[in-house]
Each structure stands twice: as structure tokens, then as C-alpha cells.
Number of protein chains: 2
Amino acid sequence: MSNHRPFANALELLRAAKLRPTRQRLALAKLLFEKGDRHVTAEQLHDEAVAASIPVSLATVYNTLHQFVGARLLREVVVNPGRSYFDTNIADHHHFFFEETGKLMDIASDRIEVTNLPQPPHGAIRRVDVVIRVGPKGSGAA
Amino acid sequence: MSNHRPFANALELLRAAKLRPTRQRLALAKLLFEKGDRHVTAEQLHDEAVAASIPVSLATVYNTLHQFVGARLLREVVVNPGRSYFDTNIADHHHFFFEETGKLMDIASDRIEVTNLPQPPHGAIRRVDVVIRVGPKGSGAA
DNA sequence: TGTTAATCTAGAATCATTCTAAACTAGTAC
DNA sequence: GTACTAGTTTAGAATGATTCTAGATTAACA
């Protein structure tokens with residue numbers, strides 16, 4: 001894992017996030033956070049839960065993922081039209097996106113330097129996302 | 001406009017891209033390329049066409065946008081789950097994304113420096129996208 | 001143990017996008 | 001010009017991810 005999560009287990013994690021620790025939230029938190037950094041879609045997580053005999057509906061998976069994002073336990077990553085990834089690594093970092101497989105890979109923020117950031121004309125910078133799109137060796141680059 | 005398009009008009013543009021210059025492709029090309037750099041969704045472009053009394057179906061707008069992307073007349077930008085933007089600026093550049101309004105703004109590539117790019121474990125880098133997410137002045141940053 | 005508000009769920013609904021099969025048209029040959 | 005053909009366009013259905021709805025369940029706490 002790339003960042004220290006100051007919680008011994010899923011229960012404390014939920015408590016700290018002020019989310020009532022229900023069966024399904026506990027189970028999903030375990031699936032998400034007890035395996036190192038991951039990038040999952042809602043459907044993938046639902047499949048995993050079902051495979052692990054955890055009865056949970058897809059709607060609840062969506063609700064829970066969004067609550068976790070709201071509580072800053074997860075980050076939503078958008079690289080592909082029509083499908084969201086949820087990233088358990090909430091530290092400042094960036095991504096490779098492999099177009100062929102649809103997979104994401106973390107890049108620690110100290111491996112890339114983004115300097116000279118211009119200020120937006122109004123509002124405040126929330127986040128800087130760098131996505132390096134990777135395709136098969138052949139065909140022309142952008 | 002930030003890049004020179006070596007075509008006097010929509011007709012030459014389509015010819016060069018080897019796309020048959022049909023009524024609707026010509027009309028859409030005009031809407032897209034005769035107003036400087038733009039970021040449009042399929043639905044927005046369709047609305048514009050309808051407003052300009054150009055009879056074109058939404059399906060054709062989608063087809064055309066994707067053909068233009070294939071011909072490198074446009075770039076698809078993904079910043080928001082469930083909605084694609086098409087960018088008429090095909091020069092290397094980056095974006096501000098204003099979360100409140102859903103609008104994009106170009107950042108010329110020489111205004112940001114991304115150095116130290118790591119090599120992907122396999123495949124070739126297609127593109128490097130930097131998105132600076134901007135929110136209202138208040139609430140916490142990432 | 002009872003009450004209550006929060007949560008979960010199945011299934012319907014929505015939204016962007018893609019597909020399908022039939023109608024149309026640009027380009028070429030005559 | 002007229003006819004032919006391949007490429008396009010289209011309405012409408014289909015799809016896939018996500019959200020909504022309203023009723024059933026459950027955690028929390030007296």
C-alpha cells in the first residue's frame with residue numbers, strides 16, 4: 001500500500017467516516033481495502049461480493065462506492081466514456097491507462113513532475129489528474 | 001485558433017480526411033470548425049444543428065464525431081462519467097475542467113510542464129492528458 | 001424489546017450511446 | 001443526363017451503466 005491508513009479494520013474505517021457499519025458496507029470495505037491498492041468498477045465489486053457469498057445488490061454497491069468517495073476513502077477515476085473506476089489509493093498520484101485491456105496502474109506522484117501549473121481564471125484547484133494513455137506498440141501515437 | 005488548419009473550408013477538410021462530403025458532414029464540420037476552438041457534446045452539436053435548420057439525426061452526429069476523431073480532426077476528452085466531450089483543438093494541450101459548470105478550457109501545452117514521464121511496462125504512450133479540476137473557492141481541495 | 005431513522009433491495013426508470021434494417025445519395029460509368 | 005452501387009443517413013429499438021422508487025430490513029439507542 002502506498003499510504004498509511006490509520007485504521008486497524010473496516011469497522012474503524014466506517015466509524016471514522018461516520019457511516020453506519022452495516023453488513024454490506026463492512027463487507028465491501030473489506031473487499032476494497034484489505035488487498036492493497038485497487039481499481040474496480042461497480043460491477044466488478046458486485047461480482048466479487050456475490051462470489052464471496054455476500055448478499056448485496058448492485059444498487060447498494062453504487063451507493064456505497066459514492067459514499068466512500070464522499071468520505072474520501074476512495075477516489076473516482078474517469079478515463080473511459082461510460083464506465084467509472086474507483087481507486088482505493090487516495091494519495092496524490094497519477095495513472096497509466098492501458099487502452100487494450102482497460103486496466104489502470106498507479107504512478108506515484110513523485111515519479112512525474114507537473115510544474116508551472118497555471119491558475120484557473122476563477123475557483124480553486126481541486127485536483128490535478130495526469131493520465132498516460134498506453135496503446136499497443138504499433139500504430140501511431142497522438 | 002491555436003493551430004493552423006491547412007484547409008480553406010469544410011469541403012477540403014473532408015476531402016483530405018477521405019470522408020465523402022455529404023450534406024450533414026459538411027454542415028457539422030462548419031459548425032465545429034468555423035468558430036475557433038470548441039468543446040462540444042454530441043447532444044449540444046445536435047441541438048445546434050437543429051437550431052440552424054440542418055436536418056440531421058443524433059445517430060449521425062455520433063457517427064460523424066467518431067469519424068472525425070478517427071480522422072484526427074477532433075479529439076475525444078473524457079472528464080465526466082457518462083458524457084464525452086469532443087475538442088476541435090487537436091494540438092497537444094491540456095484542460096481545466098470546471099466542476100460547477102461542466103465546462104472545459106484549453107491550456108496550451110507550453111503552459112504546463114510534465115517532465116520525468118515514466119515508461120509504461122509495455123506498449124507505447126499514446127497521449128498524456130492533464131486535467132486540472134476546478135471547484136468553487138470554498139470547500140476542501142484534494 | 002420497541003421505536004425510529006438509516007439503510008438495503010428488486011425492479012423500474014433514465015441517460016448517453018450504439019445498433020439495425022430500410023431509405024437515400026454521392027460518385028462513377030454509360 | 002440516367003442508372004448503378006457503395007457509402008450514408010435515419011428512426012426507432014436495443015444496450016449498458018447508473019440512478020431512482022417505494023417498500024422491507026436493520027442498526028442504534030432508549
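Predicted model: local features only at pLDDT ≥ 70, side-chain atom pairs only at ≥ 80, totals over all residues.

Me: Which element gives the most to the surface near DNA strand D?
Reply: Elements of both chains give two or more residues here: α3, α4 and β3 of chain A, together with α2 and α4 of chain B. Four residues come from the top contributor, and that one is α4(B).

Me: How many polar residues does the surface near DNA strand D have?
Reply: In total, 27 residues surround DNA strand D, with Ala59(A), Ser84(A), Thr22(B), Ser57(B) and Thr60(B) the closest. Sorted by class, 10 are nonpolar and six charged, while the polar ones number 11.

Me: How many strands does chain A have?
Reply: Read from the N terminus, its elements go α-α-β-α-α-β-β-β-β-β-β. That gives chain A four helices, and the strands come to seven.

Me: Which element gives the largest share of the side of chain A that touches chain B?
Reply: The contact takes 36 residues from chain A and 36 residues from chain B. On the chain A side, β2, β4, β6 and β7 each give two or more. The largest share is 12 residues, and it comes from β7(A).

Me: In β7(B), what is the bridge partner of Val131(A)?
Reply: β7(A) and β7 of chain B run antiparallel, joined by 11 bridges. Within β7(B), the residue bridged to Val131(A) is Asp129(B).

Terms used
Residues numbered from 1 in each chain as written. Chains lettered and ligands numbered in written order. Near = placed C-beta within 6 Å. Nonpolar A, V, L, I, M, F, W, Y, C, P; charged D, E, K, R; others polar. Contact = placed C-beta atoms within 7 Å. Pairing = 2+ DSSP bridges.
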